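Please examine the sequence and the structure before reading on.

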Amino acid sequence: MENDILMRTWLDDLNLSHPLLIAGPCSAETEEQVLKIAHELKDSDASFFRAGIWKPRTRPGGFEGVGAIGLKWLQRAKAETGLPMAVEVANANHVQLALEHDIDVLWIGARTTVNPFAVQEIADALQNTDKIVLVKNPVNPDLALWIGAVERLHNAGIKKLGVIHRGFSTYEKTKYRNIPEWQLAIELQNRFPDLPLICDPSHIAGKRDMIQDVSQKALDLNYDGLIIETHIDPDNAWSDAAQQVTPNALKQICKDLKVRKETD
Ligand code: PEP
Ligand code: MN
């Protein structure tokens, strides 16, 4: 995998003049919510719209996602706005449904990356796909486990790969929801310079007032992009309410971010 330059061609092909941006709600809640957010993001820097429809919750009893019906809403949002769609998949059934609904980007969540059986099942279901597949870091700070998941996908013939750094669980009380441990992602970046590295400031921070700083830190470290949870009514979001920003706030964050020049 070390020198496979194909891994970043999907990103280069987007020809962006700014870092890659993926934006959208933590969870799809209703068709109206999905459409409203997608329309507001149409004229933003976002290249992809994200929404979780199968939500891995730490404890039972919470909102576990709207399920497959959400794929229809995403299809409609894509048809109306032109924004390509990204969803989390955690098993072969999710993959099959996402492919049937022509989802453009599939990502593996932090609670799935920890499980090689689950990752292998997803890799087998995706075999040779030309979709973009992004791998979030595992919840625990284990670089080999993160790389192993990418290798399983690579071995399954998937060429358009990338990784998402969303921070790591800790028992310590810190200002972060998930501590970044930046050095881990930097080690990955150094070992696999052709693997696009995307930061998820939303899950690292856990609070919207830290999104700007965490995003800036990632860009200062030469990350390729950001995935930022964006909701029309963050306070009343059905999941991750404290960390989501409005589409307008997202646009302001993007305006204020300083992007490193090639010559820096
Ligand atoms: C999410 O992206 O909403 C999510 C569940 O993230 P993670 O897998 O990073 O916890
Ligand atoms: Mn979330």
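The protein averages a pLDDT (the predictor's confidence in each residue, from 0 to 100) of 96, and 97% of the residues score at least 70. This is a predicted model, in which local features need pLDDT of at least 70 and side-chain atom pairs count only at pLDDT 80 or more, while totals for chains, interfaces and linings use all residues. Residues are numbered from 1 along each chain as its sequence is written, and chains are lettered from A and ligands numbered from 1 in the order in which they are written. For the complex, the predictor gives an ipTM of 0.99 and a pTM of 0.97.

**Exercise 1.** Describe the overall fold of the protein.

*Solution.* Begin with the secondary structure: the protein has 11 helices and eight strands, taken as DSSP runs (helices H or I, at least four residues; strands E, at least two) and numbered from the N terminus. Next, compare sizes: the radius of gyration, 17 Å, is close to the 18 Å of the globule rule for 264 residues, so the protein is as compact as a globular protein of that length. The radius is taken over C-alpha atoms, and the rule is 2.2 Å times the number of residues to the power 0.38.

**Exercise 2.** Determine whether leucine 126 and aspartate 43 are buried or exposed.

*Solution.* Apply the criterion: a residue is buried if 20 or more other C-beta atoms lie within 10 Å of its own, exposed if 12 or fewer, and partly exposed in between, with C-beta atoms placed from the backbone. Leucine 126, in helix 6 (residues 116-126), counts as buried because it has 21 C-beta neighbours inside 10 Å. Aspartate 43, in the loop between helix 2 (31-41) and strand 2 (48-50), is exposed because 10 other C-beta atoms lie within 10 Å.

**Exercise 3.** Identify what leucine 126 touches beyond four places in sequence.

*Solution.* Contact requires C-beta atoms, placed from the backbone, within 7 Å. Leaving out residues up to four places away, leucine 126 touches Val95, Val133, Ala156 and Ile158.

**Exercise 4.** List the residues around ligand 1 and classify them.

*Solution.* First, select residues whose C-beta atom, placed from the backbone, lies within 6 Å of the ligand. These are Cys26, Gly52, Pro56, Gly109, Ala110, Arg111, Lys136, Arg166 and His203. Then assign classes: Ala, Val, Leu, Ile, Met, Phe, Trp, Tyr, Cys and Pro count as nonpolar, Asp, Glu, Lys and Arg as charged, and the others, Gly among them, as polar. The shell comprises three nonpolar, three polar and three charged residues.

Note on methods
Contact = placed C-beta atoms within 7 Å.
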